[in-house]
Amino acid sequence: MSGKAHQDARHYTVDELMISVLSSFFEDGDQACNGMASFLPVCAFMLARLTHAPGLVWLASATGLEPRPAKVPASTLESELWSDSVMYMEQYGDFWNYAMNGRWLQKFCVGAAQLDMYGNANNSVIGADFHAPKVRLPGTAGLGDMGSLGKLLYYWNPNHSPRSLVEKVDFVSAAGYLGGGDEREDLGLTGGPQAVVTNLAVLDFEPESKRMRLRSAHRGVTVDDIRAATGFELVIPTDVPTTPEPTDDQVRLIREVIDPDGMRKREFRAS
Amino acid sequence: MDSKVTTIDEAISTHVQHGDVVALQNMATQAAPMAAVRELIRQEKRGLGVVVLVGGIAVDWLSFAGVMDRLIGAAVTMEQFGLCQRYRKAVESGRVRVEELSETALNARLGAGARNLPYLPTRGLIGTDLIRQNPDNLRLVEDPFGGPAVVACRALVPDVALVHAHRVDPEGNVQYKPTTLWPDIGIFPKAARKVIVTAEEIVPSDILRRSPDRTVLPGFVVDAVVEVPYGAHPTSFFPEYRYDSDFHLAWAKVSRDDGAAQDFLDKHVLSPRSQAEYLSAAGGAAMMSRLRGEEGA
């Protein structure tokens with residue numbers, strides 16, 4: 001991606017910046033769960049628990065409650081992640097009893113192949129024909145539920161590009177703000193996407209129109225860089241702050257304690 | 001009660017017919033009944049519908065071998081080992097048709113099937129294209145008690161459920177060692193007309209009586225019982241063994257190439273005449289001890 005011209009010596013990499021930002025959304029009293037291939041959320045939950053939110057409850061892989069893995073393992077959907085849990089939850093009988101209930105697990109951190117200007121997500125198909133798609137994606141899994149269950153959704157996107165941030169998703173596998181404005185509310189849905197953390201910027205949603213908005217640009221990335229990398233017209237405020245950078249202590253925890261094997265870097269395409 | 005103990009080829013040939021809807025225990029790289037899956041391929045079953053929560057290498061193989069022509073499920077991926085390329089290709093070319101459901105919608109369809117209800121509702125999926133895409137099985141309906149609309153998920157009754165377990169007695173009572181329960185054991189076998197259980201070991205009922213709290217499925221729903229050590233390989237079966245990274249990587253590497261993928265299937269699925277031969281081709285004792293090693297689950 002662009003922005004390299006502005007790059008100067010810094011004490012962190014972009015994955016660590018994104019983890020730091022994601023962790024700031026999770027607080028004491030929240031319950032968080034992760035899905036598969038979710039290294040950044042897992043790092044963010046572990047970081048939050050080691051710093052500002054020791055009371056953040058974590059349900060690893062929607063399976064193991066309050067686990068104590070030694071470090072981030074190679075999979076976020078295998079037993080190494082939920083080692084030393086206080087409880088195992090069974091998916092059919094137990095997990096969704098809590099997740100379908102508005103009281104618990106209110107925040108969900110997730111990735112999507114496509115995300116559009118109103119925060120609708122697509123993990124199903126690329127192309128117009130559902131039964132003969134150009135690309136068959138993995139499928140909606142639990143996201144299609146989380147989008148409609150009143151959750152606050154936090155997306156991450158390690159490859160901010162016009163292909164992943166599109167004007168209109170090819171297929172809505174998880175509800176965002178649909179056509180914008182009050183459309184989501186009119187269907188009786190609460191919650192919805194709150195933020196999108198990419199390798200270039202932090203985005204949120206303009207409260208009235210529900211259009212995606214630039215909230216902050218990462219250091220060294222210009223507004224023009226972000227415009228060029230987005231497949232639709234973002235709402236851009238007159239004043240765009242720089243994304244808060246991770247502290248030395250956060251970077252040390254991520255590198256030395258949470259993820260010494262660098263699993264968090266797997267999702268980033270070599271640029 | 002009569003013993004239900006049989007062989008894997010007998011179990012599959014007796015209980016799985018061409019065109020059946022088969023519910024497959026699976027979660028990306030976890031706990032798939034792989035010995036049963038290989039037998040479906042060896043017996044050249046055709047036209048199967050496969051029900052999964054999150055399918056992995058099993059769905060990739062069944063797509064490649066032409067065993068399945070439809071999928072009912074929430075996702076298909078090998079997680080860290082990438083998308084299932086043969087499944088992808090089969091769907092993109094129209095050979096496998098997908099009925100995509102969210103997790104709560106799949107649970108609701110199977111839950112209704114298990115309880116002999118016409119449907120169960122969920123609040124998931126509202127606002128998505130998945131409802132419009134699937135009018136035969138998903139409908140937005142009014143709440144008769146005056147609340148907001150919900151999604152009615154039509155009952156799904158698979159013809160057969162395939163599950164792998166730690167141990168089972170000859171009558172089919174299924175027991176797990178102290179560990180997490182597989183995500184789908186809670187509903188898949190209860191919704192299906194028939195259930196085939198493969199297990200790491202068959203034990204006398206007296207062993208199960210020592211810890212009845214760990215018995216998760218009663219023998220009266222089970223039709224066939226087969227002992228298959230490492231029956232979930234290359235997926236994980238904690239706390240016994242972890243997923244086989246080398247095996248998944250080897251498949252991921254060849255799976256895009258028709259010839260190389262067929263060679264892989266010949267070596268690992270079609271040629272081995274027994275579980276022992278399969279395990280030997282997959283690395284034998286060294287592989288097994290690696291997967292049970294301290295890195296293990």
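1. B:Ala74 is buried, at a relative accessible area of 1%. This residue sits in strand β3 (residues 68-76) of chain B. Beyond its neighbours within four places in sequence, B:Ala74 contacts residues of both chains: A:Pro138, A:Gly139, A:Thr140 and A:Ala141 from chain A, and B:Val52, B:Leu53, B:Leu101, B:Ser102 and B:Glu103 from chain B. The C-alpha atom of B:Val52, 22 residues away along the chain, lies 7.0 Å from that of B:Ala74. The model under review is a predicted one.

2. On confidence, the model has ipTM 0.95 and pTM 0.95. The average pLDDT is 94 for chain A, where 96% of the residues score at least 70. One stretch of chain A needs a caveat: residues 1-7 have a pLDDT below 50, and this stretch has 11 contacts in the model beyond near neighbours in sequence. Coordinates predicted with low pLDDT should not be read in detail. For chain B the average pLDDT is 96, and 98% of the residues score at least 70.

3. B:Arg97 belongs to strand β4 (residues 97-100) of chain B. With a relative accessibility of 52%, B:Arg97 counts as exposed, because the cut-off for that class is over 50%. Setting aside residues up to four places away in sequence, the contacts of B:Arg97 are A:His131 in chain A and B:Asp69, B:Arg70 and B:Leu71 in chain B. Its C-alpha atom is 27 Å from that of B:Ala11, a residue 86 places away along the chain.

4. A helix pair spans the two chains. Helix α3 (residues 91-99) of chain A packs against helix α5 (residues 103-115) of chain B at an angle of about 130 degrees, and the axes are 11 Å apart. The two helices are therefore oblique to each other. The crossing of α3(A) past α5(B) is left-handed. On the chain A side the contact uses A:Gln91, A:Tyr92 and A:Trp96, and on the chain B side B:Glu103, B:Thr104, B:Asn107, B:Gly111 and B:Arg115.

5. The axes of α9(B) and helix α10 (residues 258-270) come within 8 Å and cross at roughly 145 degrees. From α9(B) the contact draws on B:Phe247, B:Ala250, B:Trp251 and B:Val254; from α10(B) it draws on B:Ala260, B:Ala261, B:Phe264, B:Leu265 and B:His268. The class count for this contact is 8 nonpolar, 1 polar and no charged residues.

6. Helix α1 (residues 14-24) of chain A is mostly covered, with 9 of its 11 residues buried. The buried residues run from A:Asp15 and A:Glu16 through A:Leu17, A:Met18, A:Ile19, A:Ser20, A:Val21 and A:Leu22 to A:Ser23. The cover over them includes helices α2 (39-50) and α7 (248-258) of chain A, together with strands β5 (107-110), β10 (152-157), β12 (192-198) and β13 (201-205) of that chain.

7. Some backbone geometry deserves a look, since most residues other than glycine have a negative phi and most peptide bonds are trans.

8. A:Leu178 has a phi of about 55 degrees and is placed in the loop between β11 (165-166) and α5 (183-186) of chain A. Its relative accessibility is 12%, so A:Leu178 counts as buried. B:Asn116 has a phi near 60 degrees and lies in the loop between α5 and β5 (119-122) of chain B. B:Asn116 is exposed, with a relative accessible area of 71%.

Terms used
Residues numbered from 1 in each chain as written. Chains lettered and ligands numbered in written order. Predicted model: local features only at pLDDT ≥ 70, side-chain atom pairs only at ≥ 80, totals over all residues. Heavy atoms only, no water. Axes fitted to C-alpha atoms, helices over the stretch in contact; angles between N-to-C directions. Helix = DSSP H or I, 4+ residues; strand = E, 2+ residues; numbered from the N terminus. Parallel < 35°, antiparallel > 145°, perpendicular 65-115°, else oblique. Left-handed = near helix turned anticlockwise from the far one by under 90°. Contact = heavy atoms within 4.5 Å. Buried < 20%, exposed > 50% of the residue type's maximum accessible area, 1.4 Å probe, protein only. pLDDT = per-residue confidence, 0-100. Nonpolar A, V, L, I, M, F, W, Y, C, P; charged D, E, K, R; others polar.
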